[in-house]
Amino acid sequence: MEEPTPTTATTRGPATPRPARKARAATKPPARRKRPADPAKAWVTKLARTRPGLMAWVMEQLDAHYGTPVWARVHDPTSELVLTILTQNTADVNAEHAFDRLRAAYPAAPSDTDVTAATDPSIVTRPGWGGKGWQDAGTPDWQAVEDAPLDELIEVIRPGGLAPQKAPRIQASLRRIREERGDHSLEFLGDMTALEARDWLTSMPGIGRKTASVVLLFSFGLPLMPVDRHIERVALRIGLIPPKTTADDAHEMFLRMLEPDEMYPAHVGLITHGRRICHARNPECDRCPIAPRCRYVDRKAA
Ligand code: SF4
């Protein structure tokens, strides 16, 4: 059987003009929400309007529940800086262990200029700290730490975790302090304003706002608010900071929400609350003094 001859264009009649296609409606890209020029200021203004007095109320509850912490220096600022580098991404107890090993490996002769509680043999700790405390045996010999072979220093601080990153960071910080100041002391930062001192510290590689703020708040009582993972979690749940806030923005928001003399009690109170009640998993909301105004409990809490 013959196959049917395929119809070609030439065998068709004249082509009927197709109706003109409708011009596709121009689809607008979804409007991007503009980031405010000063996100911290914008947020704090909004919070004051929508949930007036929230920060002050949270502080009152924390003070009533845990007591008001009173600032006292525990370490000289260089020790505080190194200890804070050691706590990055690890538990405080591991950082303590690494710092003790640093002192044992590179001991310094006790000096009259040490501003630590070196003469007190009792266990030293500070409010909100998650370690076991330490027996204050003075500061390490910072020049010896700076000059130590890198592999050796990594082994000494290994219990602090991430030693291959932290050892060069510690040495670079010590070198930078000595080259700029002639020795390893950071006491001069106490004569600066809080933000000048923070800028000085954060200009060192690997030192962010949190580390700098810890050093300055704990060594000098300068009005800065270190925001660690506990504080960030608690603040997000309550609604003190908005979702997806960056760590740097959170610092600035707290600086705007708190008076200078409230930063230390707020830092210690929120961190203590995160450790004792508002755990990362299974927060104990039923015994939490902040529950009546917490957005984790009630999405519309005032
Ligand atoms: S109510 Fe619950 S989520 Fe809110 S702060 Fe208290 S423990 Fe945390």
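Visitor: How many helices and strands are in the protein, and in what order do the elements run?
Guide: This is a predicted model. The protein contains twelve helices and two strands. From the N terminus on, the order is α-α-α-α-β-β-α-α-α-α-α-α-α-α.

Visitor: What share of the contacts with a separation of 6 or more is made by residues 24 or more positions apart?
Guide: The protein has 302 residues, of which 34% count as buried. Among its contacts with a separation of 6 or more, the share from residues 24 or more positions apart is 69%.

Visitor: Against which helix do the buried residues of α8 pack?
Guide: In α8 (residues 194–202), the buried residues are Ala 194, Ala 197, Arg 198 and Leu 201. Seen down the axis of α8, they fall within an arc of 100°, so they line one face of the helix. An α-helix has 3.6 residues a turn, so residues three or four places apart point the same way. The buried residues of α8 pack against α9 (209–220).

Visitor: What span does α4 reach from its first C-alpha to its last?
Guide: Helix α4 has buried residues Ala 95, Glu 96, His 97, Ala 98, Phe 99, Leu 102 and Arg 103. The helix has 14 residues, and at 1.5 Å a residue the expected span is 20 Å. The model comes close to this, with a reach from first to last C-alpha of 20 Å.

Visitor: Where is Asn 89 found, and what is its phi?
Guide: Asn 89 lies in the loop between α3 (77–87) and α4 (92–105). It has 12 other C-beta atoms within 10 Å and is therefore exposed. Most residues other than glycine have a negative phi. Asn 89 has a positive phi, near 55°.

Visitor: What is the phi of Asn 282?
Guide: Asn 282 belongs to the segment after α12 (263–276). With 7 other C-beta atoms within 10 Å, Asn 282 is exposed. Asn 282 is not a glycine, yet its phi is positive, at about 50°.

Visitor: How far apart in space are Gln 143 and Tyr 106, C-alpha to C-alpha?
Guide: Gln 143 is part of helix α5 (residues 142–147). It is partly exposed, with 14 other C-beta atoms within 10 Å. In sequence, Gln 143 and Tyr 106 are 37 residues apart, while their C-alpha separation is 9.0 Å.

Visitor: Which residues are closest to the ligand?
Guide: The shell around the ligand divides into twelve nonpolar, no polar and two charged residues. Of the 14 residues that surround the ligand, the closest are Cys 278, Cys 285, Cys 288, Cys 294 and Tyr 296.

Conventions. Residues are numbered from 1 along each chain as its sequence is written. This is a predicted model: local features need pLDDT of at least 70, side-chain atom pairs count only at pLDDT 80 or more; totals for chains, interfaces and linings use all residues. Helices (H or I, at least four residues) and strands (E, at least two) are DSSP runs, numbered from the N terminus. A residue is buried if 20 or more other C-beta atoms lie within 10 Å of its own, exposed if 12 or fewer, and partly exposed in between; C-beta atoms are placed from the backbone. A residue is near a molecule or strand if its C-beta atom, placed from the backbone, lies within 6 Å of it. Ala, Val, Leu, Ile, Met, Phe, Trp, Tyr, Cys and Pro count as nonpolar, Asp, Glu, Lys and Arg as charged, and the others, Gly among them, as polar. The expected span of a helix is 1.5 Å times one less than its number of residues. The arc is that of the directions from the helix axis to the C-beta atoms. Two residues are in contact if their C-beta atoms, placed from the backbone, lie within 7 Å.
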